[in-house]
Amino acid sequence: MTRIFLALVATIMLAAPLRAAVDIQEVTSPGGINAWLVEESSIPFVALEIRFEGGAALDPTGKRGVTNLMTALIEEGAGDLDARAFAAARDAMAASYSFDVWNDTLSVSARFLTENRDEAVELLRQALVTPRFDDDAIERVRSQVLSVIRSEATDPNDIASAAFNATVFGDDPYGSDTDGTLETVGALTRDDIVAAHRSALVRDRIYVGASGDIPAAELGALLDTLLGALPESDRPLAADAAPMIEGGVDVVAFTTPQSVAIFGH
């Protein structure tokens with residue numbers, strides 16, 4: 001929750017002009033979606049920050065990395081638009097969408113001009129509600145993720161971090177990388193990705209921050225249009241992580257000209 005709040009505040013502060021105080025409105029849409037809003041009509045765009053509580057900690061046993069892979073595929077085509085057509089439609093509106101995932105949360109960031117607001121929201125709605133998960137996109141993005149995993153396996157910083165996390169958290173999601181492993185990511189199916197989307201993007205675990213050229217009443221209607229069709233959660237959140245380390249020093253042998261040390265308490 002702290003990270004969610006700080007991210008929302010950062011977005012608000014970046015989008016609003018400098019002033020002595022920021023007027024943050026609490027908005028509830030007709031459909032019951034809550035948000036924080038900083039209205040600023042002098043700038044011709046709207047910025048949205050959306051957080052879905054849960055994130056990669058929702059990965060099923062043996063399918064580590066599925067939420068990360070799913071998140072990377074959200075913008076790779078939606079509705080009737082394949083990846084290329086989706087990108088062209090987004091760029092034609094000068095809209096910006098980004099998606100990321102951590103163990104605790106999945107994030108959606110969007111910026112779009114006031115004049116293109118309805119079209120940009122509709123395109124984002126399709127990405128969130130009806131992503132295509134085409135086979136060619138899955139294999140392309142899977143290859144990118146596998147390349148990252150291979151690279152991290154030879155990076156001293158990543159090796160040390162992985163060893164530390166595994167020692168402290170064991171089998172808990174915090175004990176392994178959200179990217180997954182070569183084995184788990186390589187075995188993921190489209191059905192796994194669809195199931196991860198169903199579990200991660202749910203309307204009862206949403207936190208929203210908005211800023212820019214949009215009144216509270218219009219933001220409420222926008223939120224229902226954008227997020228109202230998402231399902232309710234179908235699985236519980238992960239339990240709190242319980243650190244298992246009692247102290248000591250572990251050394252991972254790796255041939256490199258410089259050592260890397262990670263300290264934890």
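Which handedness does the crossing of α2 and α5 have? The crossing of α2 and α5 is right-handed; the term applies if the near helix is turned clockwise from the far one by less than a right angle.

## Basis

This is a predicted model: local features need pLDDT of at least 70, side-chain atom pairs count only at pLDDT 80 or more, and totals for chains, interfaces and linings use all residues. Residues are numbered from 1 along each chain as its sequence is written, and side-chain values use heavy atoms, without hydrogens and water.

## α2 against α5

Helix α5 covers residues 135–152. Helices are DSSP runs (H or I, at least four residues), numbered from the N terminus. The axes of α2 and α5 are 10 Å apart, at an angle of about 120°. Axes are lines fitted to C-alpha atoms over the stretch in contact, and angles run from 0 to 180 degrees between N-to-C directions. The pair is therefore oblique. Angles under 35 degrees count as roughly parallel, over 145 as roughly antiparallel, 65 to 115 as roughly perpendicular and the rest as oblique.

From α2, the contact uses N68, L69, A72 and L73. From α5, it uses A137, I138, V141, R142 and V145. Contact means heavy atoms within 4.5 Å. The residues divide into 7 nonpolar, 1 polar and 1 charged. Here Ala, Val, Leu, Ile, Met, Phe, Trp, Tyr, Cys and Pro count as nonpolar, Asp, Glu, Lys and Arg as charged, and the others, Gly among them, as polar.

## α2 against α8

Helix α2 (residues 66–73) also meets helix α8 (residues 190–200). Their axes come within 9 Å and cross at roughly 85°. That makes α2 roughly perpendicular to α8. V66, T67, L69, M70 and L73 of α2 face D192, I193, A196, H197 and A200 of α8 in this contact. Its residues comprise 7 nonpolar, 2 polar and 1 charged.

## Two single sites

T178 sits in the loop between α6 (156–169) and α7 (182–187). T178 counts as buried because its relative accessibility is 16%. Buried means under 20% relative accessible area, exposed over 50%, partly exposed in between (1.4 Å probe, protein chains only). Leaving out residues up to four places away in sequence, T178 touches A56, R64, G65, N68, W102 and N103.

I262 lies in the segment after α9 (216–227). At 35% relative accessibility, I262 is partly exposed. With residues up to four places away excluded, I262 touches N157, A160, S161 and F164. The C-alpha atoms of I262 and F164 are separated by 7.4 Å, though the two residues are 98 residues apart along the chain.

How values were computed: Helices (H or I, at least four residues) and strands (E, at least two) are DSSP runs, numbered from the N terminus.
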